[in-house]
Amino acid sequence: MAEEAYQRILLKLSGEALLGQEDYGIDPAVIHRIAVEIRDVTRQGIQVAVVIGGGNIFRGAGLARSGIDRVTGDHMGMLATVMNSLALQDSLERIAIDARVMSAVSVHDVCEDYIRRRAIRHLEKGRVVICAGGTGNPFFTTDTAAALRAIEIGADILLKATKVDGIYASDPVSNPDAERFYRLGYDQVIESKLGVMDANAIVLCREQCMPIRVFNVFDDGNLVRIVKGEAIGTLPAHCVLEDRPDRRLGRGGCNGQRPAGVLRLRDEPPDAGSGRQPAGRDHLRVQRGLALVPLRNLGRKRVRVLRQ
């Protein structure tokens, strides 16, 4: 089996992604297709955790605007994520993929409580872990829950599934000429209010050096191509990449600090024909003095690389 770019991923799905052609609830065809994509990834030996929103059923902030107490609305939203998670678990099991729903809100009769060590153990046994109930606290979005869970389980990357193929300067649906970003900094995402994820989630990922990739979940095969190393969608640049034998393209434990003597990392422009960057590490260059050295040439050396 070819070496994959990642060993453990966390996939963030919005509740709206499950709507499909429906006005409310879950489109069975959509959730089945997502389950098949997850199955194809697990067959590559990749450990997969999933966080799903509940916006297709209830959204706490929206309920609060209609007059419901915000805390009550958020609790309703948490329960909506449990329903979506159970639906995904059922879809996965129907195609012979073991899955476990683990909720931050105790619902003992229908799923397990979220316990970090137990979640990691499920992943190590090849099961898909579906993290429900958000963070278990009101006022926090499922984007923040996804960032938190990705960090807790030691995921190599957080994959944010959307309806568009990356991050744009404005809504590409209403503005076809909107500028698309292939790579940009976390601070730019926050300062420009691009809205691709909750600001708390972006800050948490920035501080813990958790890479994020934003991609279109409705393009068949995108998830598999990403874990194989293709540059699909947009990658907000994380601050430190540590090349280690046990964490291929994994995140470094920089804790937001710039280590001394780091190597600056640059990108080659996307291919003019396809608009995509080369697969794997082929598009990454490390600046050493005035020279640009391909990152792949560093082999398995333990180095720390600072992204620009």
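Predicted model: local features only at pLDDT ≥ 70, side-chain atom pairs only at ≥ 80, totals over all residues.
1. Packing of H1 on H3. Helix H1, residues 28-42, packs against helix H3, residues 70-93, at an angle of about 60 degrees. The axes of the two helices are 9 Å apart, and the crossing is right-handed. On the H1 side the contact is made by Ile31, His32, Ala35 and Ile38; on the H3 side it is made by Asn84, Ala87, Leu88, Ser91 and Leu92. Six of the residues in this contact are nonpolar and three are polar, with no charged residue present.

2. Gln89 in H3. Helix H3 also holds Gln89. This residue counts as buried because its relative accessible area is 15%, under the cut-off of 20%. A polar atom of the Gln89 side chain lies 3.4 Å from the backbone nitrogen of Val101. Apart from neighbours within four places in sequence, Gln89 is in contact with Ala99, Arg100, Val101 and Ile130.

3. Burial of H5. Helix H5, residues 142-152, is mostly covered, with nine of its 11 residues buried. The buried residues are Thr142, Asp143, Thr144, Ala145, Ala146, Ala147, Arg149, Ala150 and Ile151.

4. At the start of H5, a side-chain oxygen of Thr141 comes to within 3.3 Å of the backbone nitrogen of Asp143. After the helix comes Gly154, which has a positive phi near 75 degrees.

5. Phe139. Although Phe139 is not a glycine, its phi is positive, at about 75 degrees. The residue belongs to the loop that joins strand E5 (128-132) and helix H5. Phe139 is classed as partly exposed because its relative accessible area is 49%, a value that falls between the cut-offs of 20% and 50%.

6. Cys209. A positive phi, about 55 degrees, is also found at Cys209, again not a glycine. Cys209 is located in the loop between helix H7 (199-208) and strand E10 (212-216). With a relative accessible area of 0%, Cys209 is buried, whereas Phe139 is partly exposed.

How values were computed:
Residues numbered from 1 in each chain as written. Heavy atoms only, no water. Axes fitted to C-alpha atoms, helices over the stretch in contact; angles between N-to-C directions. Helix = DSSP H or I, 4+ residues; strand = E, 2+ residues; numbered from the N terminus. Left-handed = near helix turned anticlockwise from the far one by under 90°. Contact = heavy atoms within 4.5 Å. Nonpolar A, V, L, I, M, F, W, Y, C, P; charged D, E, K, R; others polar. Buried < 20%, exposed > 50% of the residue type's maximum accessible area, 1.4 Å probe, protein only. Polar contact = N/O pair within 3.5 Å; in protein donor to acceptor, adjacent residues only side chain to side chain.
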